[in-house]
Amino acid sequence: MSTFLHQVFSGLATGGIYASVALALVMIYQATNLINFAQGEMAMFSTYIAWSLINAGVPYWLAFLITVTVSFIGGMVIERVIIRPAVKRSSLLGVVIVFIGVLVIFNSLAGWIFSYTIKSFPSPFPEQALFNNTYVSSHELGAIITTLVVLGILYGFFRFTPLGLAMRAAAQNPVSSRLVGIRVGWMLALGWGLAAAIGAVAGMMVAPMVYLDPNMMQGILIYAFAAALLGGIDNPWGSVLGGFIVGVLENLIGAYLFGTELKLSVALILIVAVLVFKPTGLFGKVLVTRV
Amino acid sequence: MVALLEVSGLEAAYGATKVLHNISFTIAEGGITTMLGANGAGKTTTLRSLCSMVRTWGEIRFEGTRIDNRSTEEIVRLGIAHVPDGRGTFLELTVDENLRLGAYVRKDRKAVPGDLDRMYTYFPRLKDRRYQQAGTLSGGEQQMLALSRALMLRPKLLLMDEPSFGLAPLVVRDIFAIMRTINQQERVSMLLVEQNANLALELADQAYLLETGRVVMSGTSEEIRNDEQIRRSYLGY
């Protein structure tokens, strides 16, 4: 029972990471119908920024804040400078190639600047488990809570602020959005900024568990794809739930069925299964329209 | 009367196809102007031109300043609200959110809740469906929503594209009655595009007739209504 609970909790911790990355993917997908293949590498690069800051002696949470801010701005710049011209001038396939280009650039850039050697990344949470329990480490618990806080802030932003509402409107109906005065182009850039910031948090939370190297996020991105598809690629909150489900499932299957070597295939099997049997995912939206 | 909007020599094109040819007209402040014409005459395109939603040439002046080189988003900020062809509803958002979006560019955020209530007084049916997804509304309710959303801007000029389209006569009567109220009480100037000439001429005080992208006749509603040819071709008696 104790191992089972331990697997579940640690699955929830990684699941939160998948959920965050999946949410970042879905946010961009909703606004542009494009999957940002570079999302993981952007998050990895953000984590390196945090690592550099912490190594330079900046306190953890300050480094955290700076990294999130820099990533937010960086995401907006990438959208404005690279993605927008590509979308404007190129075909869908061309844009996909640009995404892959960005992926490779960030991966190589990280390797070039920081080298490919694996680095340990500090956790801001205490070493000792809470109340000395054996089910969940402090970092795992902290990661879960951090993820939930980020999700809560995002929910509040999209649900209750005029800007959040405008972003949702711009993603759904750009033409009408312009007619109420929303600057749709900026909403897209803002979406990219938010996605990059979420990715940065996910990267910093996962790095203490998997160690920091330029390929850190590649597996995680696949899990995040699986999560987004499972939850429904057009449903942000479905994809979040999908993230937690995938995280727990991955751990349980790894512990009781296949062993850890085949863990990643769980994600791939899930992707294929969802696409074949239920392409809308568990919570994919069915829009009711009356004429 | 002072001209709120002056259009001169307006041309518009979709790709290589020109659909408006040298159109000129003015809209008086506080008045209701209607643009009549058959399908394909260029009515919708004229409205789109005013909001910079198509490529145009020529001069468009709003309150004396040129707006033909501005983006749609900027034009909205000047106080021009547009109820587009097809109503432009945000189908997946709630009625309430649709209305709030209408007030997105307004600076006086504190006055927005009051305006929301006012819209719900105009259209109590919207209030009943306040938290419902707008896509589930009937056609008439969606038109009410579209009109209310545009009014949430507190516009100086309201552009309406065929508000009667596809609606039951009773619903149309309601909507037109409220448009008249709004014009009289809030002094919102309107440009109404309609295929239903009878209805439009009843409401408007000025009218223009479009045929294949050209203004072929203009005058007060009275004059247009009494014109022999119009009566036969557009009013049907």
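## Helices across the sheet of chain B

Let's start with helix H6 (residues 139–151) of chain B, which lies across E6 and E7 of chain B and runs at about 170 degrees to E6(B). Being in contact here requires C-beta atoms, placed from the backbone, within 7 Å of each other. Angles run from 0 to 180 degrees between N-to-C directions, with axes as lines fitted to C-alpha atoms, for helices over the stretch in contact. Helices (H or I, at least four residues) and strands (E, at least two) are DSSP runs numbered from the N terminus.

Helix H1 (residues 43–50) of chain B lies across E3, E6, strand E7 (157–161), strand E8 (189–194) and E9 of chain B. Its direction is at about 145 degrees to E7(B).

This is a predicted model, in which local features need pLDDT of at least 70 and side-chain atom pairs count only at pLDDT 80 or more, while totals for chains, interfaces and linings use all residues. Residues are numbered from 1 along each chain as its sequence is written, and chains are lettered from A and ligands numbered from 1 in the order in which they are written.

## The six-stranded sheet

The open sheet of chain B has six strands in the order E6-E7-E8-E3-E9-E10, with mixed pairing. Strands E6 (80–83) and E10 (214–220) of chain B stand at the edges, each with a single partner strand, so one side of each has no neighbour in the sheet. From one strand to the next, the twist averages 15 degrees.

Two strands pair if DSSP finds at least two bridges between them. Strand E3 (residues 32–36) of chain B runs parallel to strand E9 (residues 206–211) of chain B, joined by four bridges. One bridge partner to look for is Gln206(B) in E9(B), which pairs with Thr33(B).

## Antiparallel pairs and a hairpin

Seven bridges link strand E1 (residues 3–14) of chain B to strand E4 (residues 55–62) of chain B in the antiparallel sense. Here Leu5(B) is opposite Phe62(B) in E4(B).

E4(B) also pairs with strand E5 (residues 65–66) of chain B, antiparallel and over two bridges, and Arg61(B) is opposite Arg66(B) in E5(B). Their hairpin has two residues between the strands, and Glu63(B) takes a positive phi near 50 degrees.

## Where the chains meet

In chain B, 23 residues are in contact with 20 residues of chain A. Helix H2 (72–77) and helix H3 (95–102) of chain B each supply at least two residues of the side that touches chain A.

Methods. Contact = placed C-beta atoms within 7 Å.
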